Amino acid sequence: MSAPATPLSAWAWRASLLLHLALMAGLLWWCGWVAGAVLCLPLLAPLPGLLRRRTYTAGWASMLLVFYVAGLMSEGVAVPARRGVGSVLAAVAALDFVAVALFVRLSGREKAAPGLSARRESSDAAA
């Protein structure tokens, strides 16, 4: 007997956690301990909710990540010597945004799916 399939939202959640932590580690490495810690403080705010798989927290965390994508991209363009690392961190932040958005979307679909099938069954029985 095979194990039950892992829902897609679980994969998106794992990817979002991994990318979120990678972004924080990359900022600490790139900017140093003091400046990196200051840049990581806003990223620490949604971490407890992300660990608990709360879709509401993931929703507003996606709004926060947009600023990191824009800031890191502009840093890469403005300072040519830092273009490589800035571009890589901007890509990590963008992938984190995509993973968080997918987690919210897929979780919503998976929660709505049982309710839709129950409503269809009751409407079929009434007909």
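## The core

Of the 26 residues in the largest nonpolar core, the ones touching the most other members are Leu23, Leu27, Leu43, Tyr68, Leu72, Leu89 and Ala93. Each of the helices α1, α2 (33–44), α3 (47–51), α4 and α5 (83–126) puts at least two residues into this core. Keep in mind that what you're looking at is a predicted model.

Leaving out residues up to four places away in sequence, Leu27 touches Gly32, Gly36, Leu39, Cys40, Leu43, Tyr68, Leu72 and Leu89. Among those partners, Leu43, Tyr68, Leu72 and Leu89 are also on the list of core residues that touch the most other members.

## The overall fold

Stepping back, the chain has 5 helices and 0 strands, so reading along the sequence you get α-α-α-α-α. The chain runs to 127 residues, and 32% of them count as buried.

Take the contacts in the chain with a separation of 6 or more: 68% of them come from residues 24 or more positions apart.

## Helix α1 and what follows

Helix α1 covers residues 8–31, and its 24 residues should span 34 Å at 1.5 Å a residue; the end C-alpha atoms are 34 Å apart, so the two agree.

## Helix α4 and its buried residues

Helix α4 (residues 55–78) also has 24 residues, and reaches 35 Å from its first C-alpha to its last, close to the 34 Å expected at 1.5 Å a residue. Its buried residues are Thr57, Ala58, Ala61, Ser62, Leu64, Leu65, Tyr68, Val69, Leu72 and Gly76.

Ser62 is worth a look of its own. Its relative accessibility is 9%, and because the cut-off for buried is under 20%, Ser62 counts as buried. Not counting residues up to four places away in sequence, Ser62 touches Phe97 and Val100.

## The cysteines

How many disulfides does the count come to? It comes to 0. Cys31 is in no disulfide, and the nearest cysteine sulfur, that of Cys40, is 8.2 Å away. Cys40 is likewise in no disulfide, its nearest cysteine sulfur being that of Cys31. For a disulfide, the two sulfur atoms would have to be within 2.5 Å.

The surroundings of the two can be read from their accessibility. Cys31 is partly exposed, with a relative accessible area of 25%, whereas Cys40 counts as buried at 4% relative accessibility.

## The salt bridge

A search of the whole structure finds 1 salt bridge. Which side chains meet in it? Those of Arg82 and Glu75, at 3.4 Å from N to O. In general, side chains of opposite charge can pair when their charged atoms come close.

Are the two partners buried or partly exposed? Arg82 counts as partly exposed at 29% relative accessibility, and Glu75 counts as partly exposed at 25%.

Definitions and conventions:
Residues numbered from 1 in each chain as written. Predicted model: local features only at pLDDT ≥ 70, side-chain atom pairs only at ≥ 80, totals over all residues. Heavy atoms only, no water. Helix = DSSP H or I, 4+ residues; strand = E, 2+ residues; numbered from the N terminus. Expected span 1.5 Å × (residues − 1). Buried < 20%, exposed > 50% of the residue type's maximum accessible area, 1.4 Å probe, protein only. Contact = heavy atoms within 4.5 Å. Core = buried A, V, L, I, M, F, W, Y, C linked by side-chain atoms within 4.5 Å. Salt bridge = Lys/Arg side-chain N within 4 Å of Asp/Glu carboxyl O.
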